[in-house]
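Hello,

Here is the structure I said I would pass on. My notes follow the display; please read them alongside the model.

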Amino acid sequence: MLAASGTRIRVQFGRLLAEAGQLSAPVRRPLGPGLLGSTALSCTDQNRSSGATGSTEKVYKVPGGHKPSTFDKKILLWTGRFRKEDEIPPRIPPEMLDAARNKARVKACYIMIALTIMACFAVIASAKRAVERHESLTSWNLAKKAKWREEAATRAEEKAK
């Protein structure tokens, strides 16, 4: 936070000097996180007309859009963005694809929640049926261990012979 505010102060000071006519060379910004020593020209009419004073804009925006893959097309159809695959243009904005992916994630989460609830009810129903048959994990374990003991006893008798 302090580094960013210090950078602004230095750049604004450089702009003031440039506007006063005392500084004609470009102002050198200090290195910050992710910056590789970029130079910023003084605040001229050209920079002011762009409307970039103080606002944060996306620098690496792809003007042509994104070419959707077959999976992206399925997502766009599933989320209801387009009705048919023929309606999908060859290039779509990345924001549209991000919104469709987010909507698909939410739908997938709702489906998983519904399947989890249905599985819980299925387990409850099967447990109630097992209780009616007097089956439990304890009785299964005791029966299994008794079977192992019998097998071990028959093996011991066979070895003794």
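Arginine 133, at 49% relative accessibility, counts as partly exposed; the classes used here are buried (under 20% relative accessible area), exposed (over 50%) and partly exposed in between, with a 1.4 Å probe and protein chains only. The side chain of arginine 133 forms a salt bridge with that of glutamate 135 (3.3 Å, N to O), and glutamate 135 is partly exposed as well, at 30%.

Some ground rules. This is a predicted model, so local features need pLDDT of at least 70 and side-chain atom pairs count only at pLDDT 80 or more, while totals for chains, interfaces and linings use all residues. Residues are numbered from 1 along each chain as its sequence is written, and side-chain values use heavy atoms, with hydrogens and water left out.

Confidence and overall layout

The mean pLDDT (the predictor's confidence in each residue, from 0 to 100) is 76 for the chain, with 60% of residues reaching 70 or more. Over residues 37–49 pLDDT stays under 50, and the model has 18 contacts beyond four places in sequence for that stretch; contact means heavy atoms within 4.5 Å.

There are five helices and two strands in the chain, in the order α-β-β-α-α-α-α along the sequence. Both are DSSP runs numbered from the N terminus: helices are H or I with at least four residues, strands E with at least two. Of the 161 residues, 14% are buried. Among contacts between residues at least 6 apart in sequence, 43% join residues at least 24 apart.

The 39 residues of helix 4 should span 57 Å at 1.5 Å a residue, and the end C-alpha atoms are 57 Å apart, which agrees; the expected span is 1.5 Å times one less than the number of residues. The buried residues of helix 4 are Met96, Leu97, Ala100, Ala104 and Ala130, and they pack against helix 3. Just after helix 4, histidine 134 takes a positive phi of about 60°.

An unreviewed UniProt entry annotates residues 108–127 as "transmembrane region". UniProt positions are in the numbering used here, feature names are shortened, and annotations may be inferred rather than shown by experiment. In the model this span is 100% helix and 0% strand, and its end C-alpha atoms lie 28 Å apart.

Threonine 79 sits in the loop between helix 3 (70–78) and helix 4 (94–132). This residue is buried, at 6% relative accessible area, and its side chain reaches the backbone oxygen of isoleucine 75 at 2.9 Å. Apart from neighbours within four places in sequence, threonine 79 is in contact with Ala100, Lys103, Ala104 and Lys107.

Salt bridges

The whole structure contains three salt bridges, each defined as a side-chain nitrogen of Lys or Arg within 4 Å of a carboxyl oxygen of Asp or Glu. One of them joins the side chains of aspartate 72 and arginine 101 (3.1 Å, N to O). Aspartate 72 belongs to helix 3 and arginine 101 to helix 4, so this pair ties together parts that are 29 residues apart in sequence. Aspartate 72 is buried at 4%, whereas arginine 101 is partly exposed at 30%.

Another links glutamate 151 and arginine 155 (3.8 Å, N to O). These two residues are four apart in helix 5 (residues 137–160), which means they are separated by about one helical turn. Glutamate 151 is partly exposed, at 32%.

Regards

Conventions. Polar contact = N/O pair within 3.5 Å; in protein donor to acceptor, adjacent residues only side chain to side chain.
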